[in-house]
Amino acid sequence: MFILKNEIQFDTAHYLSGYEGKCSNIHGHRYRLVVELASETLHESGQERGMVADFSEVKNLLKTIADQYDHKLLIEDNEDGRTVAAQLAQLPNQFAVVMVSYRPTAEEMSRAIYQQIKAAGFPVYGVELFETPVNSCTYREGLPCCQ
């Protein structure tokens, strides 16, 4: 099996609705996203002959994904999250708020990013999202241990 890896970093803040503890405050991280693409075979013809995927296309996709999060505040689209977003809208500074359908944890973010890469047609094998230099979550689908 061939496994390609590519990575990108971005800075994002998040608000964890319903969390109690020091991370209940809006706070940010320097995220490191590592994506693995896998294939048993290589392309047999065309521009990508001999490749799993063109690294430049993977890099462009990761840049698009990072731009969705970079220097933005992720808030879950629920009653509490909408209240926080409305309060931020009252402040004089403009906040780039992104409402997401999930609680913006490393686990949920890694799954959302995996699904986005898969929808783009890449043979995604895994997405590892580092929230800190030593804490990460890897999301993969279809592992025998989890069925």
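Start by selecting His71, in the loop between H1 and strand S3 (72-76); helices (H or I, at least four residues) and strands (E, at least two) are DSSP runs, numbered from the N terminus. His71 is not a glycine, yet it has a positive phi of about 55 degrees. His71 is also exposed, at a relative accessible area of 60% (buried is under 20%, exposed over 50%, partly exposed in between, with a 1.4 Å probe and protein chains only).

A word on what you have loaded: this is a predicted model, where local features need pLDDT of at least 70 and side-chain atom pairs count only at pLDDT 80 or more, while totals for chains, interfaces and linings use all residues. Residues are numbered from 1 along each chain as its sequence is written, and side-chain values use heavy atoms, with hydrogens and water left out.

Next, pick Asp54, in the loop between strand S2 (27-39) and helix H1 (55-69). Asp54 is buried but has no salt bridge, and Lys59, the nearest side chain of opposite charge, is 10 Å away. (Lys and Arg count as positive, Asp and Glu as negative; His and the chain ends are not counted. A salt bridge puts a side-chain nitrogen of Lys or Arg within 4 Å of a carboxyl oxygen of Asp or Glu.)

Now turn to the salt bridges, of which the structure holds 8. Select Arg30 and Asp11, whose closest N and O atoms are 2.8 Å apart. This pair links distant parts of the chain, with Arg30 in strand S2 and Asp11 in strand S1 (residues 2-15), 19 residues apart. Arg30 is partly exposed at 45% relative accessible area, and Asp11 is partly exposed at 26%.

In helix H3 (residues 106-119), show Glu108 and Arg111, which are 3 residues apart, about one turn of the helix. Their salt bridge has its closest N and O atoms 2.6 Å apart.

For a linked set, select Lys5, Glu36 and Arg140 together: they are joined in a network of salt bridges.

Finish at Gly142, in the segment after strand S6 (135-139). Gly142 is exposed, with a relative accessible area of 58%.
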